[in-house]
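Please read its points alongside the sequence and the model.

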Amino acid sequence: INDLVSLAIPGFGPPIQNDIVRAQSLRGRDPQILIDGVPLDFNGGGGSGLSVFAKFDPEIISRLEVLYGPNTVYGAGATGGVIQFFTKDASEDPFELRVRQQFTTFPDAPDIYGDLALSSKTTLQASGTLSLFDYFLSYSFDSVNGVYDAEGDLNNPVFYGFEDEKTYFAKIGFYPTPEQRLEGSFNFIELIEDGRVFTSSITDDGRAIGQEDPNQTPFNYGSDNEPINEKEFYNLRYTHDNLFGGEFAAQVFGRSEDRISSFIDLRANAASPTWPTGWPDNYQSFFTDEGDGYRLQYSRAFADKVNELVGIDYQEQERSSEAIVYGLGADFDETRDVSVAPVRTDLFLFPFRVETTGYFLQADYEATPRLRFSAGVRQEDVEFEIGAGRRVFERTLDATGAQVSRPGGFGSNNGTAFNVGVSYDAVDWLTVYGSFAQGFEIPALSVVAGQVPPDASLQGDDAVEPQIVDNYEI
């Protein structure tokens, strides 16, 4: 998906060869990414390394819409704009079945990669409309291949390995009356590693090159550290197209992701004299991401000249990420036993919890058929909490030579953002417009705690300073 949007959306950052979106932006600022109104990114959530675009299957998408710059209707860190994906609608027939089979091959890939140079994807979709109900169901199985560079080398499979992906999606709609619709959807993705083991090396020009480990004996995991990667979201939405002369929409949503990485073996790299002091030579990472929220909005037109939209949205998010470092015995390469007791458990990224509540009002006025004005205001209130602990990759050591422990903290922020705009249709083929829009954003909470002095307090409302972004466009 991130390759696709990089080509399809002007001003969006270039592909970065994996699903993590932290290095990509929309016109240099963070966008908010949604699917059917469910936010997949949020205020303060950047820098986590979780894959926003990998939370759904491209086969269920019918279209995407892009809004550049900040706006009042969607806040929660959307200083660069909004990218929203919409899932496919049900067929108007009682039953429609679609089957799609895809194959991808890299014929120039070195022989060492074997059948990793071939991948396939099978998609089954059923949809239809029955009286007051409609449905859209999708299942896909994707044998996910690696990413190769122009030299035919495999890009960093140690951290972004080969997995088989199963995706289940269901959307069911109900029409109590022609003006009302109740819609529910559920999406679940399971990624299963294919069991192959890789090592990496750094070339003279700084590239990470992946190679199959000559010892292909699978790792022996325990019941608590077996690699998993599961993502899901649900969405319940109610709309009424004629409530007191206007349109009303209510939405409740939730999402989660659980991920345990495969065992990362960095012993070969750790033998280098440039290996940072205190860094582990092996580890596993554990991520959990849970969030939910709601949205209420009401819009109405007055005298065919003025359109108003008023609403409230709320999001709650909680993330934690740990890294477990193991003490590998001299016989590890023979036993491949990763079920041993850990040497230590540290933070991979700092855990945090954040709540964001937004109140918004947007209005448009059509002065003449060619001249239009717009204005809006959004109040956003944020409460956050950052957990205490020490990072596994912390470069700062205490007097004993251990990674320093940081105190974490909590606080709140709030801000008000405005926008005004005018557009004029000079001729049928030319519109002149100008706008000023503000966006409210707090920095990535999982990163903030590691970028202050070890004993710095993050308590209080000024501990994490937000940014108000002013965006001018002509």
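1. In this predicted model, the lining of the largest cavity comprises seven nonpolar, four polar and three charged residues. The volume of the largest cavity is about 90 Å³. Its lining numbers 14 residues, and Pro39, Tyr74, Arg295, Asp313 and Gln315 are the closest to the centre.

2. Three strands, β1 (31-35), β15 (282-302) and β16 (306-326), each contribute at least two residues to the lining of the largest cavity. The largest share comes from β16, with three residues.

3. The structure contains three cavities of 30 Å³ or more. Around it are 16 lining residues, with Asn71, Gly75, Arg378, Gly439 and Phe440 nearest its centre. Two or more lining residues come from each of β18 (371-386), β19 (409-427) and β20 (430-441). By class, this lining has six nonpolar, eight polar and two charged residues.

4. Turning to the pockets, the second largest pocket holds about 980 Å³ of space. Among its 42 lining residues, Arg63, Gln84, Phe86, Arg237 and Thr239 lie nearest the centre. Strand β12 (residues 228-243) gives the most to this lining, namely six residues. The classes in the lining of the second largest pocket are 13 nonpolar, 14 polar and 15 charged.

5. Beyond four places in sequence, Glu183 touches Lys171, Ile172, Gly173, Asn235, Leu236 and Arg237.

Conventions: Residues numbered from 1 in each chain as written. Predicted model: local features only at pLDDT ≥ 70, side-chain atom pairs only at ≥ 80, totals over all residues. Heavy atoms only, no water. 1 Å grid on protein atoms, 1.4 Å probe; cavity = no way out; pocket = protein on both sides within 12 Å on 5 of 7 lines; lining within 4 Å. Points joined across faces, edges and corners; volume = space filled by probe spheres on them. Helix = DSSP H or I, 4+ residues; strand = E, 2+ residues; numbered from the N terminus. Nonpolar A, V, L, I, M, F, W, Y, C, P; charged D, E, K, R; others polar. Contact = heavy atoms within 4.5 Å.
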